[in-house]
Amino acid sequence: MRKFRVGAIGCGGIFRAMHVPGWQALPGVEIVAVCDRDLDRARQVATEVRAGHVFTDYRDLVKLDLDAVDVCTPNRVHTPAVLAALESGKHVLCEKPLAVTTREVRAMGQLAEKKKRKLMTAQHQRFTSSAQAIKSWAAAGHLGPVYHARVRAMRRAWLPVAPGFIDRELSGGGPCMDIGVHALDACLWIMGFPKPVRVSGAARTNFAKGHKIPGMWGEWDRQRFSVEDFAAGFVHFENGATMTLEASWLGHQPENEDMSFQLFGLEGGVKWPSGEYAAVAGNSFVQGTIAPVRRVERPHSEEIRAFYECVTENRPSPVPWTETIKVTGILEAVYESQKRGREVAVRL
Ligand SMILES: NC(=O)c1ccc[n+]([C@@H]2O[C@H](COP(=O)([O-])OP(=O)(O)OC[C@H]3O[C@@H](n4cnc5c(N)ncnc54)[C@H](O)[C@@H]3O)[C@@H](O)[C@H]2O)c1
């Protein structure tokens with residue numbers, strides 16, 4: 001039987017560490033082509049995954065007979081690579097953030113619809129045991145309508161040093177786009193994706209131009225550093241709900257990482273990823289911990305399986321662009337608000 005043929009664009013850290021094992025866990029799949037701007041890296045990875053085709057230009061890769069393209073380049077290369085893959089009729093899985101502007105997300109989404117192809121943003125946090133368990137607890141009615149959320153993606157000394165993260169031309173943003181996007185997407189998913197309408201935000205570089213806080217991933221080019229190292233936002237949704245959002249790569253806090261959210265609902269409240277919940281029943285406070293029935297060992301692999309199944313079983317994308325555009329809209333508005341010095345409307 002013919003196997004499902006995948007071509008990969010961008011063969012760096014996330015592709016090798018997480019996507020390759022995810023694809024290789026699916027018996028019906030073969031990675032037949034790889035592309036990286038760095039030819040040596042592309043050749044090396046092609047040998048590792050036994051891909052027969054090696055490219056340095058994604059426009060050549062998308063001409064091949066492929067079922068799907070997996071985009072794992074720096075953020076600002078996502079849009080042209082995804083558009084080229086969709087244009088040539090491929091289904092596309094793309095790393096987060098799908099794009100750093102809603103204009104680009106819309107262009108990709110509309111092209112996917114026109115071409116009748118699947119487009120999925122790789123938001124693996126939705127596939128973690130904790131997020132899955134909270135989603136089903138909320139679906140059972142224990143959370144109720146959410147009136148407020150707190151979202152945090154706060155690292156104290158984990159600054160990714162590659163140019164693809166710290167150079168705005170390549171990344172489009174700092175921790176807000178890099179890790180804020182993870183907690184924000186998972187939180188909005190549990191909330192049922194209400195429509196964000198206004199954001200007041202700040203995005204600043206407090207430490208990354210200097211040496212006060214050492215980076216646990218080593219040194220970075222301080223001259224080239226052109227994104228924020230801290231961002232915060234206050235979001236209003238059309239349904240009246242509100243949200244605070246904080247993201248950092250460097251900062252003074254006791255935790256190495258606080259990747260979390262807390263939801264306040266009219267029926268109950270819950271924290272992710274701990275699963276701690278609280279409610280009032282009759283005359284009593286009730287509280288405890290939601291424990292997942294099924295432990296997910298590799299959420300990235302679950303995400304890749306979900307993409308593969310949506311294509312092969314012709315189901316809706318598990319992370320559709322219509323949801324991603326709300327995530328991007330909030331993050332884009334944080335930067336816009338910093339620039340304008342006032343609250344701004346979310347452009348959806
Ligand atoms: N979901 C997650 O957990 C997670 C974790 C890390 C990174 N990411 C995302 O994955 C993407 C890649 O991150 P990474 O850590 O693998 O970065 P990386 O720098 O390790 O790898 C990126 C690769 O893309 C290649 N590349 C750059 N421009 C290219 C082009 N025009 N054509 C082809 N290849 C090109 C680079 O040579 C490099 O090999 C980013 O969007 C990042 O946000 C996601």
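Predicted model: local features only at pLDDT ≥ 70, side-chain atom pairs only at ≥ 80, totals over all residues.

Analyst: Happy to! By the ring-pair rule, the count comes to eight aromatic pairs.

User: What makes the pair of phenylalanine 4 and tryptophan 23 stacked?

Analyst: The ring centres of phenylalanine 4 and tryptophan 23 are 6.5 Å apart, and their planes stand at 25 degrees. Planes under 30 degrees apart count as stacked, so that is the label for this pair.

User: Which parts does that pair tie together?

Analyst: Phenylalanine 4 belongs to strand 1 (residues 4–9) and tryptophan 23 to helix 1, so the pair joins parts 19 residues apart in sequence. Both phenylalanine 4 and tryptophan 23 are buried.

User: And what kind of aromatic pair do phenylalanine 4 and tyrosine 308 form?

Analyst: That one is edge-to-face, with 5.0 Å from centre to centre and 85 degrees between the planes. The cut-off here is an angle over 60 degrees. The pair links distant parts of the chain, since phenylalanine 4 is in strand 1 and tyrosine 308 in helix 10 (residues 299–312), 304 residues apart.

User: Why are phenylalanine 4 and tyrosine 308 called buried?

Analyst: Buried means under 20% relative accessible area. Phenylalanine 4 has 8%, so it is buried. Tyrosine 308 has 17%, so it is buried too.

User: Let's turn to the helices. How are two packed helices described?

Analyst: By the angle between their axes and the distance between the axes. Here, the axes of helix 1 (residues 13–24) and helix 2 (residues 39–49) come within 12 Å and cross at roughly 30 degrees. Angles under 35 degrees count as roughly parallel, and therefore helix 1 is roughly parallel to helix 2. Their crossing is right-handed.

User: Which residues make the contact between helix 1 and helix 2?

Analyst: On helix 1, they are Phe15, Arg16, Val20 and Gln24. Helix 2 brings Arg41, Gln44, Val45, Glu48 and Val49. By type, the residues of this contact divide into four nonpolar, two polar and three charged.

User: Now the backbone. How do you know that the bond between lysine 96 and proline 97 is listed as cis, and what is its omega?

Analyst: The peptide bond joining lysine 96 and proline 97 is cis, with omega about -15 degrees. Proline 97 sits in the loop between strand 5 (91–95) and helix 5 (102–115). Another cis peptide bond runs from tryptophan 272 to proline 273, where omega is near 5 degrees. Proline 273 is placed in the loop between strand 12 (269–272) and strand 13 (276–281).

User: What is the phi of arginine 50, and is this residue buried or exposed?

Analyst: Arginine 50 has a positive phi of about 60 degrees, although it is not a glycine. Its place is in the loop between helix 2 and strand 3 (53–55). Exposed means over 50% relative accessible area; arginine 50 has 76% relative accessibility, so it counts as exposed.

User: And what makes phenylalanine 193 buried or exposed?

Analyst: The relative accessibility of phenylalanine 193 is 9%. The limit for buried is under 20%, so phenylalanine 193 counts as buried. Phenylalanine 193 also has a positive phi, near 50 degrees, in a residue other than glycine. You will find phenylalanine 193 in the loop between helix 9 (175–191) and strand 8 (196–204).

Key. Residues numbered from 1 in each chain as written. Heavy atoms only, no water. Axes fitted to C-alpha atoms, helices over the stretch in contact; angles between N-to-C directions. Helix = DSSP H or I, 4+ residues; strand = E, 2+ residues; numbered from the N terminus. Parallel < 35°, antiparallel > 145°, perpendicular 65-115°, else oblique. Left-handed = near helix turned anticlockwise from the far one by under 90°. Contact = heavy atoms within 4.5 Å. Nonpolar A, V, L, I, M, F, W, Y, C, P; charged D, E, K, R; others polar. Phe/Tyr/Trp six-rings, centres within 6.5 Å; stacked < 30°, edge-to-face > 60°. Buried < 20%, exposed > 50% of the residue type's maximum accessible area, 1.4 Å probe, protein only.
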